[in-house]
Amino acid sequence: MNSKQQAVNTPEMLLNTLPLELKRLIANTNWQADTLGESAAQTFLVQGKEAFYLKISAIEPWGGLQTEANALVWLGQYLPAPEVIYFERSNATDYLLIRALPGLPASDGYWRSDPKRLAHVLGESLQLLHALDPQTCPFDQRTDTKIEEVANYVRLGLIDTDDFDDENMGQHPSQILERLIAEKPVNDDWVVTHGDFCLPNILFDNWNLSGFIDLGTLGVGDRYQDLALCARSLADNLGTDQYNTHFFASYGLNTVNDEKLRYFRLLDELR
């Protein structure tokens, strides 16, 4: 289990704790726990006349869902993202209700029938996001900001070392933090980043982008934050990294900075 994931309560356990307006919005619906991603929030698929996702998160220690709600609204002006139906902070808990988008996550087995095409549409989708003007984006995900954030997680003992990549197994989080500080890239290339551009967080419908989800870490950052995590996620999903070259080419990257790929994968160990 990712260190950010909370213990999952059943809909029956949660129903009486919901704010009254939220209860009204999701009356007469069926709930199903959604455990695909690694969000800190408990997430439920809520189905009635329409389909929604309900995310519930304690404010501490991960900061709650306010930033994600704001990021969804901001990104929705430019690119497909779930519509925010309801957000409220009550009793140290955030509640976020969003409209479900059509399509399937890029991690779904359906897309593996054509791995080269999957790599291609991922590259195109990321290019669309990175083409946005970072000066218009109000969210900060620069490398220094991320290091400060993960340093706090290390200080609070919130890192799940069992979730480390094989090459980092056995290391203490403080050792990884020291490496991140010492090896921080000198040159940053700021774009609007997703922050967790992994296959479960990108939706496709008939091989077309239908939306970006789990946007709690969206913001201005180094483009390699997204490139690194997508390349790793694509290789994990397909069982081979041979299609990463198609992903980079579709994105428009002629020369790949392997040091930055390694750096941002390492940074992700502490997120």
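## A buried tryptophan in a loop

Trp207 counts as buried because its relative accessibility is 11% (buried means under 20% relative accessible area, exposed over 50%, partly exposed in between, with a 1.4 Å probe and protein chains only). You'll find Trp207 in the loop between strand S8 (202–205) and strand S9 (208–212); helices (H or I, at least four residues) and strands (E, at least two) are DSSP runs, numbered from the N terminus. Its phi is near 70 degrees, a positive value in a residue other than glycine.

Keep in mind that this is a predicted model, where local features need pLDDT of at least 70 and side-chain atom pairs count only at pLDDT 80 or more, while totals for chains, interfaces and linings use all residues. Residues are numbered from 1 along each chain as its sequence is written, and side-chain values use heavy atoms, leaving out hydrogens and water.

## An exposed loop residue

Most residues other than glycine have a negative phi. Asn91 has a positive one, near 50 degrees. Asn91 sits in the loop between strand S4 (84–90) and strand S5 (93–99), and it counts as exposed because its relative accessibility is 74%.

## Two buried helix residues

Ser125 belongs to helix H4 (residues 115–130), and at 4% relative accessibility it counts as buried. Its side chain reaches the backbone oxygen of Val121 at 2.7 Å. Neighbours within four places in sequence aside, Ser125 is in contact (heavy atoms within 4.5 Å) with Phe197, Phe204, Leu209 and Phe212.

Ala71, in helix H3 (residues 66–75), is buried too, with a relative accessible area of 0%. Not counting residues up to four places away in sequence, Ala71 touches Phe139, Leu215 and Leu218. From C-alpha to C-alpha, Ala71 and Ser233 are 23 Å apart in space, and 162 residues separate them in sequence.

## How H5 meets H9

Now for a pair of helices. The axes of H5 (residues 143–156) and H9 (residues 258–268) come within 11 Å and cross at roughly 30 degrees; axes are lines fitted to C-alpha atoms, for helices over the stretch in contact, with angles running from 0 to 180 degrees between N-to-C directions. That makes H5 roughly parallel to H9 (angles under 35 degrees count as roughly parallel, over 145 as roughly antiparallel, 65 to 115 as roughly perpendicular and the rest as oblique).

On the H5 side, Thr143, Lys146, Ile147 and Val150 meet Tyr263, Phe264 and Leu267 of H9. The residues of this contact divide into 5 nonpolar, 1 polar and 1 charged; Ala, Val, Leu, Ile, Met, Phe, Trp, Tyr, Cys and Pro count as nonpolar, Asp, Glu, Lys and Arg as charged, and the others, Gly among them, as polar.

Note on methods. Polar contact = N/O pair within 3.5 Å; in protein donor to acceptor, adjacent residues only side chain to side chain.
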